[in-house]
Amino acid sequence: MTAGASAFEQALDQLGAEIVGGELEAGAADTIEGFIARTGASRSVVREVTRVLGGLGMLSAGRRVGLRILPISEWDLLDPRVIRWRLEGPDPARQLAELRSLRHAVEPAAAAAAAREIRNGRGSTRALDAAANSMVEAADGPESGAFLAADRAFHAEVLALSGNAMLGRLRAVIEEGLRHRATVERGEQAPDRHDFGLHQEVAAAIGAGDEARAAARMREIIERATAAR
């Protein structure tokens, strides 16, 4: 939980994590009063939390049945909050494997599409190059600091340059995977210089309009991140 979080954020994180962790099991019924007792939050806060959890597909509300916990098949699994709760839950390996598969499917294709867009005169690699350069500048610090910010900016820009709005919407999903790797798996370790060299190669390939090279180098980035786990 983030330090200084509001009462709403604390209650949302608690109940979201308890649903993911199974303390609140799928099919179980509860009430607003039960959630108030569980979290210690006010009625207005708990009502807002249940609205958010309902929007995430994690619970349903009905006048006769009260609040009912829904199974994972109903959850919005692409929402960053759900991803974070799952990464911090009892089976983080499953969430990491799913994120890895998603990145393998999406990011090389996005890099190739970005190269094609640039070759056809659509877009600019200025922000992409700046992010790659920022990664180099941050290489002497921990991966969880300025390097992470630059890494997130880089991958977001590749998605944006792809020209595919649906790929662009996956930005927050990819960022959650990057955040977990940097802050949990890598911690205070310094970045691997070969990794940010690969990011520079992706940027150069996109700038040159080389689809195959851009996809291959992006694929290598993802595979190296997987192997490092």
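Author: A cavity is a set of points where a 1.4 Å probe fits but cannot get out. The structure discussed here is a predicted model.

Reader: How many cavities of 30 Å³ or more does a search of the whole structure find, and what volume has the largest cavity?

Author: The search finds two cavities of 30 Å³ or more. The largest cavity has a volume of about 140 Å³.

Reader: What lines the largest cavity, and which residues lie nearest its centre?

Author: Its lining has 17 residues, and E143, D151, R181, D195 and H199 lie nearest the centre. A residue belongs to the lining if it has an atom within 4 Å of a point of the cavity.

Reader: Which helices each supply at least two residues of that lining, and which gives the largest share?

Author: Helices α7 (146–161), α9 (171–186), α10 (193–207) and α11 (211–227) each supply at least two. The largest share, four residues, comes from α7.

Reader: How does the lining of the largest cavity divide by class?

Author: Eight of its residues are nonpolar, two are polar and seven are charged.

Reader: How do you know that the span of α7 agrees with its number of residues?

Author: The expected span is 1.5 Å times one less than the number of residues. For the 16 residues of α7 this comes to 22 Å, and the end C-alpha atoms are 22 Å apart, so the two agree.

Reader: Which residues of α7 are buried, and what follows just after the helix?

Author: The buried residues are F147, L148, A150, D151, F154, H155, A156, E157, V158, L159 and L161. Just after α7, G163 has a positive phi of about 75°.

Reader: Why is I221 called buried?

Author: Buried means under 20% relative accessible area. I221, with a relative accessible area of 8%, is therefore buried. This residue is found in helix α11. Neighbours within four places in sequence aside, I221 is in contact with H155, L198, H199 and V202.

Reader: What makes R219 partly exposed?

Author: Buried means under 20% and exposed over 50%, with partly exposed in between. The relative accessible area of R219 is 35%, so R219 is partly exposed. R219, also in helix α11, is in contact with H104 and P108, leaving aside neighbours within four places in sequence.

Reader: Is H180 buried or exposed, and why?

Author: The cut-off for buried is under 20%. With a relative accessible area of 6%, H180 is therefore buried. H180 lies in helix α9 and touches L87, L96 and E185, not counting residues up to four places away in sequence.

Reader: How do you know that the buried residues of α3 line one face of the helix?

Author: The buried residues of α3 are V45, V46, V49, T50, V52 and L53. Seen down the helix axis they fall within an arc of 160°, so they line one face. The face turned away from the buried side carries the exposed residues S44, R51 and G55.

Reader: What do the buried residues of α3 pack against?

Author: They pack against α1 (7–21), α2 (32–39), β2 (59–62), β3 (66–69) and α4 (80–87).

Reader: What span should α3 have, and how far apart are its end C-alpha atoms?

Author: At 1.5 Å a residue, the 13 residues of α3 (residues 43–55) should span 18 Å; the end C-alpha atoms are 18 Å apart, so the values agree. Helix α3 is followed by G57, whose phi is positive, near 75°.

Note on methods: Residues are numbered from 1 along each chain as its sequence is written. This is a predicted model: local features need pLDDT of at least 70, side-chain atom pairs count only at pLDDT 80 or more; totals for chains, interfaces and linings use all residues. Side-chain values use heavy atoms; hydrogens and water are left out. Buried means under 20% relative accessible area, exposed over 50%, partly exposed in between (1.4 Å probe, protein chains only). The arc is that of the directions from the helix axis to the C-beta atoms. Contact means heavy atoms within 4.5 Å. On a 1 Å grid over the protein atoms alone, a cavity is a set of points where a 1.4 Å probe fits but cannot get out, and a pocket is an open set with protein on both sides within 12 Å along at least five of seven lines; lining residues have an atom within 4 Å of a point. Grid points are joined across faces, edges and corners, and a volume is the space filled by probe spheres set on the points. Ala, Val, Leu, Ile, Met, Phe, Trp, Tyr, Cys and Pro count as nonpolar, Asp, Glu, Lys and Arg as charged, and the others, Gly among them, as polar.
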